Amino acid sequence: MLTVSMTVNGTEVTKSVDPRTLLVTFLREHLNLTGTHVGCDTSQCGACVVHVNGQSAKSCTMLAAQAEGADVTTIEGLAEDGNLHPMQAAFKEHHGLQCGYCTPGMVMSALDLLKHNPEPSDEEVRHWLEGNICRCTGYQNIVKAIQSAAQEMRS
Ligand code: FES
Ligand code: FES
């Protein structure tokens with residue numbers, strides 16, 4: 001067993017884990033943060049995207065031990081005082097989700113995009129989301145939601 005410590009959604013956590021434990025498993029099974037999903041387990045779908053030290057990362061592709069000392073944010077860390085983050089609210093408003101399985105990863109990836117590029121074109125949004133697969137919505141409403149959140153977050 002290995003002891004790992006990191007900050008998750010602003011709270012310091014220390015747990016004893018099998019060294020092979022993936023970050024997504026650590027979040028879901030050790031911390032009960034089940035908003036981060038596993039779609040493929042092979043780094044293709046993006047359902048598991050979280051932020052590690054402010055950058056989006058596929059948590060199925062990282063060991064928990066690799067996040068030692070890191071600052072990790074999951075979808076559960078976005079809402080404040082019971083209010084959805086503007087990106088979450090925009091997905092709801094613009095019907096950017098159907099089954100919702102891909103949504104946490106989409107939201108986390110989109111926020112990373114806006115950090116780099118607060119005013120992306122539709123094409124830039126689509127390009128950024130290449131690593132996030134949604135089987136339900138055809139992406140049109142996801143792009144609309146991200147553009148609306150971008151506008152809201154700039155104002
Ligand atoms: S579960 Fe990580 S990319 Fe699909
Ligand atoms: S909303 Fe179902 S996979 Fe995207």
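1. A quick word on terms before the helix pair: axes are lines fitted to C-alpha atoms, for helices over the stretch in contact, and angles run from 0 to 180 degrees between N-to-C directions. Helices (H or I, at least four residues) and strands (E, at least two) are DSSP runs, numbered from the N terminus.

2. Ground rules next. This is a predicted model, where local features need pLDDT of at least 70 and side-chain atom pairs count only at pLDDT 80 or more, while totals for chains, interfaces and linings use all residues. Residues are numbered from 1 along each chain as its sequence is written, chains are lettered from A and ligands numbered from 1 in the order in which they are written, and side-chain values use heavy atoms, with hydrogens and water left out.

3. On the overall make-up, the chain has five helices and five strands. Read from the N terminus, the order is β-β-α-β-β-β-α-α-α-α.

4. As for dimensions, the C-alpha trace spans about 45 × 30 × 25 Å along its principal axes. The radius of gyration of the chain is 15 Å, which agrees with the value near 15 Å for a compact globule of 155 residues (taken over C-alpha atoms; the globule rule is 2.2 Å times the number of residues to the power 0.38).

5. Buried residues (under 20% relative accessible area, with exposed over 50% and partly exposed in between, 1.4 Å probe, protein chains only) make up 43% of the 155 in the chain. Of the contacts (heavy atoms within 4.5 Å) between residues at least 6 apart in sequence, 55% join residues at least 24 apart.

6. Now the helix pair. The axes of α2 (residues 86-93) and α5 (residues 140-154) come within 8 Å and cross at roughly 140°. The two are therefore oblique to each other; angles under 35 degrees count as roughly parallel, over 145 as roughly antiparallel, 65 to 115 as roughly perpendicular and the rest as oblique.

7. Who makes that contact? From α2 come Pro86, Met87, Ala90 and Phe91, and from α5 Ile142, Ala145, Ile146, Ser148, Ala149, Glu152 and Met153. By class that gives nine nonpolar residues, one polar and one charged.

8. Two backbone spots to look at. Asp41 has phi near 70°, a positive value in a non-glycine residue, and sits in the loop between α1 (23-30) and β3 (49-52). At 45% relative accessibility, Asp41 is partly exposed.

9. His95, also not a glycine, has a positive phi of about 55°. The loop between α2 and α3 (103-116) holds His95, which counts as exposed at 56% relative accessibility.

Notes. Nonpolar A, V, L, I, M, F, W, Y, C, P; charged D, E, K, R; others polar.
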